[in-house]
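Here is a short note for a colleague who is opening this structure for the first time. Please read the points beside the model.

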Amino acid sequence: MKIISAPDYQSMSRKAANIISAQVILFPRSVLGLATGSTPVGVYQQLIEWYKKGDVDFSAVHSVNLDEYRGLSPEHSESYRFYMNTNFFNHINIPLQNTNVPNGLAPDVEEECRRYDHVIGDLGGIDLQLLGIGHTGHIGFNEPDEDFDKTTHCVKLKEQTIQANSRFFKTMDEVPKYAITMGIKAIMQAKKILLVANGASKADILYRSLFGPITPAVPASILQLHNDLTVVADEEALRVVREKCPEAIG
Ligand code: PGA
């Protein structure tokens with residue numbers, strides 16, 4: 001595990017974007033595993049800037065996203081497909097047909113999960129997986145206490161998540177109750193993993209994930225067993241790691 005510290009969000013985003021652009025420059029046909037949430041927005045902005053300057057070319061890249069809400073159309077402003085298009089894909093030259101996000105409207109969810117596993121398999125697996133981390137230690141929508149050996153599956157969202165999301169919807173009925181997520185197994189099979197975290201609210205969970213016991217109660221703790229994990233985090237998110245394991249920060 002390599003831990004890279006950054007003074008602030010912008011620097012964290014730049015350092016993480018550097019790792020992704022190096023991957024794409026060295027291996028233009030890379031398969032990138034991508035993430036949503038607030039943390040990676042700055043990473044995407046930095047990559048867009050470098051793309052516009054002509055420094056990086058995404059024309060041969062394929063992507064697979066971690067998750068999608070069940071029941072939301074790609075046009076819905078809260079869907080992860082919409083997030084990816086508006087925050088990243090629409091601003092670079094990746095062919096949209098090379099980008100994959102689970103289909104939240106698939107009538108048969110089990111079939112959609114199997115299809116998604118096949119998409120990943122047919123691409124030859126993920127070369128570099130970008131991850132954020134939730135306050136519970138979730139990665140993708142793999143919430144605490146789920147099995148580590150799951151492939152793509154449908155999850156019932158925790159009440160806490162549903163409540164938190166309700167601010168984005170007009171009525172409670174519209175708030176998604178389920179999501180489709182890549183499982184921990186597929187994430188762990190990625191050749192390289194890049195975890196980004198920022199802000200004081202991530203300090204405890206980041207420490208527990210990277211140095212605590214490996215347990216399904218903290219899904220991200222499994223990442224300790226990955227042989228090519230890079231963590232890029234700002235100083236606020238690294239506060240507890242710096243306090244307890246300063247020698248781990250490179
Ligand atoms: P955040 O979400 O980047 O919005 O904090 C992270 C996650 O839940 O994976």
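1. Helix H5 gives the largest share of the lining of the largest pocket, 4 residues. Helices are DSSP runs (H or I, at least four residues), strands are E runs of at least two, and both are numbered from the N terminus. A pocket is an open set of points on a 1 Å grid over the protein atoms alone, where a 1.4 Å probe fits, with protein on both sides within 12 Å along at least five of seven lines; lining residues have an atom within 4 Å of a point.

2. The model is predicted: local features need pLDDT of at least 70 and side-chain atom pairs pLDDT 80 or more, while totals for chains, interfaces and linings use all residues. Residues are numbered from 1 along each chain as its sequence is written, and side-chain values use heavy atoms, without hydrogens and water.

3. The lining of the largest pocket counts 36 residues. Nearest its centre lie Gly37, Ser38, Tyr80, Gly134 and His138. Strand E4 (67-69), helix H3 (80-87) and helix H5 (159-165) each give two or more residues to this lining.

4. The lining holds 18 polar, 12 nonpolar and 6 charged residues. The pocket has about 1,000 Å³ of space.

5. What takes up the largest pocket? The ligand does. Around the ligand are Gly37, Ser38, Thr39, Gly132, Ile133, Gly134, His138 and Lys202, each with a heavy atom within 4 Å of it.

6. Alone, the ligand exposes 280 Å², and the protein buries 75% of that (Shrake-Rupley method, 1.4 Å probe).

How values were computed:
A molecule sits in a cavity or pocket if more than half of its atoms lie within 2 Å of its grid points. Grid points are joined across faces, edges and corners, and a volume is the space filled by probe spheres set on the points. Ala, Val, Leu, Ile, Met, Phe, Trp, Tyr, Cys and Pro count as nonpolar, Asp, Glu, Lys and Arg as charged, and the others, Gly among them, as polar.
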